[in-house]
Structure formats: structure tokens, C-alpha cells
Amino acid sequence: MRILFITANRIGDAVLSTGLLAGLMERYPGARFWIACGPLAEPIFRHAPGVERIIVMRKEPRAGHWRKLLGQTMFRRFEAVVDLRGSATAWLLWTKKRHVLRANHTLHRVIHNASVAGFEPAPWPRVWPGEAARARAKELIPDDRTVLALGPSAAWPRKMWPVERHAEIVKRLTGPGGPLAGAHVLIALAPGERELARPIIEVVPDARRIELVGEDLTLVAACFERVRLYIGNDSGLMHLAAAAGAPTLGLFGPTPDGRYDPWGAKTAQVRGPRSREEILAAEGAGFHGPNAMQDLTVDMVYEAAVALLARTQPENEKALA
């Protein structure tokens with residue numbers, strides 16, 4: 001039994017699709033899955049159980065990537081084709097079942113994805129880092145080490161909380177008297193982004209700093225499985241942290257928190273006093289100014305972080321499971 005699962009280019013959307021994939025694995029035990037995704041998302045599925053093949057779709061002119069996908073699948077028979085990209089591909093393949101996602105801008109993406117195949121409640125996103133990545137993560141973060149993880153970047157600069165405020169929250173949480181006093185600090189960044197995090201790097205001693213800059217997402221996910229708290233902008237890394245089970249605090253401004261909140265019992269989100277709609281009305285939908293995240297203060301993030309830490313203390317873990 002073979003199932004084709006067509007999912008996202010972006011890391012965050014791909015992570016949010018893993019719940020549906022896991023649900024399908026349970027619905028079709030023993031099935032072999034073909035995953036079609038963008039190159040950035042490939043590591044997310046590399047070690048997923050039951051995955052027989054990953055077809056990496058690199059965008060090409062005149063929809064060439066879709067034609068290549070069709071060329072690799074059209075002479076196969078599938079038990080089901082699940083298309084979260086809403087393309088025509090599912091309608092051109094031989095399959096018993098077709099599940100094609102249609103646009104919906106009201107549901108959280110996890111629920112929206114699950115609905116395409118009739119899952120209710122929605123299966124939760126998850127990570128499959130692989131044993132080698134987990135072994136390396138344990139070397140970086142031993143069992144007795146407390147770690148605060150940060151994701152200070154994002155694909156769209158307008159949804160990035162000022163990095164100087166990330167540095168300030170590190171000092172307040174990990175400094176003397178803070179709830180994570182003396183904790184190590186993990187900074188996760190894409191290739192070439194280290195300089196962006198300079199204000200954070202300067203406030204964390206070398207001995208307490210873990211830098212994952214341009215590392216494979218399997219290692220990042222495995223490290224996120226071991227951190228005490230993750231704080232980050234609305235980004236793929238935020239969703240990866242939540243899927244890994246890290247207590248995750250998402251920072252929101254001009255993007256829709258109702259649809260892209262970090263998903264899970266150990267998650268929370270915080271924004272300034274303005275809604276997304278108010279921000280876009282004030283700044284304009286295509287704005288390029290720095291004001292979208294300015295009204296999210298350090299005090300607001302600190303209070304939300306402390307509340308999430310309290311709710312995810314080890315003695316409360318069973319209630320959150």
C-alpha cells in the first residue's frame with residue numbers, strides 16, 4: 001500500500017502537516033509513504049517511519065516542478081493521494097482516494113490540514129529527528145542541563161521582535177534571581193544569520209551559549225526536545241519547537257496568531273495591545289517599517305514566559321500529556 005503526501009515548501013507549514021501525516025500512518029498501518037515537499041522541508045520527513053521516498057520539489061519556471069512530480073508518480077498506483085497544496089496533481093493520478101485541501105482562512109492550520117482526511121480531533125504535529133541527531137543533541141544538552149532556546153529570526157523581517165529585546169529577556173530569565181538563573185542559552189538561526197543575533201551573543205558567556213547556525217533541522221529538532229523553554233517569532237522554528245514538545249512561547253505581530261499559534265498543550269502566544277488587523281490598518285498590508293512588533297514589550301514577554309514555565313513544571317507534566 002502506497003500513499004502520496006504532497007506538503008509544503010516552508011518549514012513551518014511542513015511541520016504543521018506532520019500531525020496529519022502521523023494520523024495517516026495510524027489509519028494505514030504498514031503503508032509506504034511518498035512525501036513531496038520543498039528542499040527546506042526535506043529534513044522534517046527524512047526519518048519519519050514508513051517513508052519510502054521523498055521527492056524534493058525545487059521551484060522551476062512554468063510549473064516545471066509540478067510536471068516533474070507528475071512524471072515520477074503518474075505510472076504508480078496509490079491507495080490515497082493527499083495534497084495540501086491544492087494542486088491538480090491528485091486528480092491526474094491513479095488512486096482509490098483523493099484528499100485535496102481547499103483554502104480556509106478561519107481554522108488553525110493544524111485543524112485545517114486534519115479536516116482534509118476527516119480527522120477529528122486533529123492529530124498533533126510531531127518530529128522524527130533520528131537517533132544520530134538525538135545522540136548529538138544529548139552531547140550538547142546533557143540531561144542535567146537547563147536550556148532556554150531562542151528563535152530571533154523569521155522569513156519576514158516585519159514579524160521579528162527587536163533582537164535587543166531578545167537579549168533583554170535572556171538577561172531577565174537567566175540572570176541572578178531569574179526563573180532560569182544560570183541556564184544555558186541556545187540560539188537557532190538559518191545560515192548567514194549569526195550577526196543578526198549579536199546582541200544576544202554578547203550577553204551570554206561562551207560557556208553557556210549553544211549556537212545552531214545553519215544546522216540540519218534534524219539536530220535542531222532533537223535539541224528542542226531537550227530545552228526547558230523556547231521563545232521565538234512566528235516562524236518555522238517556533239512550530240518545530242512546539243512539535244518537539246518544548247514549552248513554546250510564540251511572539252506575534254502582523255501575522256494571524258489564531259491560525260498559526262504554536263500547537264500543543266505546552267504552548268502559548270503573546271502579542272502587543274494591537275491585533276493583527278489593527279497593525280495592518282495602521283502600517284498598510286505591504287508595509288516595510290519597523291513598527292509592527294514595537295508595542296510588544298519585554299515585560300509582556302517576561303510575564304508570559306514565567307506563566308508558561310509555571311504551567312510546565314515537571315510536576316504538571318502528566319496533566320499536560
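**Close-up views of a predicted model**

**View 1. Length of helix α12 in the predicted model.** Helix α12 (residues 298–311) has 14 residues, which at 1.5 Å a residue should span 20 Å; the end C-alpha atoms are 20 Å apart, so the two values agree.

**View 2. The buried residues of helix α12.** Buried positions in α12 are V298, V301, A304, A305, L308 and L309. These residues lie on the same side of α12, because the arc they cover around the axis is only 135°. Their packing partners are helix α6 (163–174) and the strands β9 (229–233), β10 (248–252) and β11 (267–271).

**View 3. An open sheet of five strands.** The strand order is β3-β2-β1-β4-β5, and the pairing is parallel. At the edges are β3 (51–56) and β5 (94–100), each of which pairs on one side only. From one strand to the next, the twist averages 15°. Strands of a sheet pair through backbone hydrogen bonds, in either a parallel or an antiparallel arrangement.

**View 4. The pairing of strands β1 and β2.** Five bridges join β1 (residues 2–6) to β2 (residues 32–37), and the two strands pair in the parallel sense. Opposite I3 stands F33 in β2.

**View 5. Helix α3 across the sheet strands.** Helix α3 (residues 64–73) lies across β1, β2, β3 and β4 (77–83).

Notes:
Residues numbered from 1 in each chain as written. Predicted model: local features only at pLDDT ≥ 70, side-chain atom pairs only at ≥ 80, totals over all residues. Heavy atoms only, no water. Pairing = 2+ DSSP bridges. Helix = DSSP H or I, 4+ residues; strand = E, 2+ residues; numbered from the N terminus. Axes fitted to C-alpha atoms, helices over the stretch in contact; angles between N-to-C directions. Contact = heavy atoms within 4.5 Å. Expected span 1.5 Å × (residues − 1). Buried < 20%, exposed > 50% of the residue type's maximum accessible area, 1.4 Å probe, protein only. Arc of directions from axis to C-beta.
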